[in-house]
Amino acid sequence: MLVAVGSTILLVLGDMQDSALMTALGWQTIGVSVLKSVLTAAASFLARLSTPPLSQR
């Protein structure tokens, strides 16, 4: 989950200009992107727990 959040932050910050980062919209963009990454990583983890790999079936 840490990798997903970290890579999202780096991607968003890399696309923004320095002045855009200090606006409310800039922080909202970062927040939504991080939240999306956290939810995706958590859903993937839970799906992995509920369904064993093919080699264990």
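Helices (H or I, at least four residues) and strands (E, at least two) are DSSP runs, numbered from the N terminus.

View 1. The protein has 3 helices and 0 strands. Residues are numbered from 1 along each chain as its sequence is written.

View 2. pLDDT is the predictor's confidence in each residue, from 0 to 100. The protein averages 77, and 74% of the residues score at least 70. Where pLDDT is low, the predicted coordinates should not be read in detail.

**View 3. Helix H3 covers residues 24-50.** The expected span of a helix is 1.5 Å times one less than its number of residues. The 27 residues of H3 should therefore span 39 Å. The end C-alpha atoms of H3 are 39 Å apart, which agrees.

**View 4. Ile 30 is one of the buried residues of H3.** Buried means under 20% relative accessible area, exposed over 50%, partly exposed in between (1.4 Å probe, protein chains only). Ile 30 counts as buried because its relative accessibility is 11%. Gly 26, Ser 33, Val 34 and Ser 37 are also buried in H3. The C-alpha atoms of Ile 30 and Leu 11 are separated by 9.6 Å, and the two residues lie 19 residues apart along the chain. Across the protein, buried residues make up 18% of the 57 residues.

**View 5. Val 38 in helix H3 is partly exposed.** Its relative accessible area is 26%. Val 38 and Leu 2 are 36 residues apart along the chain, with their C-alpha atoms separated by 8.4 Å.

**View 6. Phe 45, Leu 46 and Leu 49 make a nonpolar surface patch of about 320 Å².** Like charges are joined within 9 Å, nonpolar side chains (Val, Leu, Ile, Met, Phe, Trp, Tyr) within 5 Å. Leu 49 lies in H3.

Technical notes: Predicted model: local features only at pLDDT ≥ 70, side-chain atom pairs only at ≥ 80, totals over all residues. Heavy atoms only, no water. Patch = residues over 30% accessible without salt bridge, like charges linked within 9 Å, V, L, I, M, F, W, Y side chains within 5 Å. Areas by Shrake-Rupley, 256 points an atom, 1.4 Å probe, with all protein chains shown as cover. Salt bridge = Lys/Arg side-chain N within 4 Å of Asp/Glu carboxyl O.
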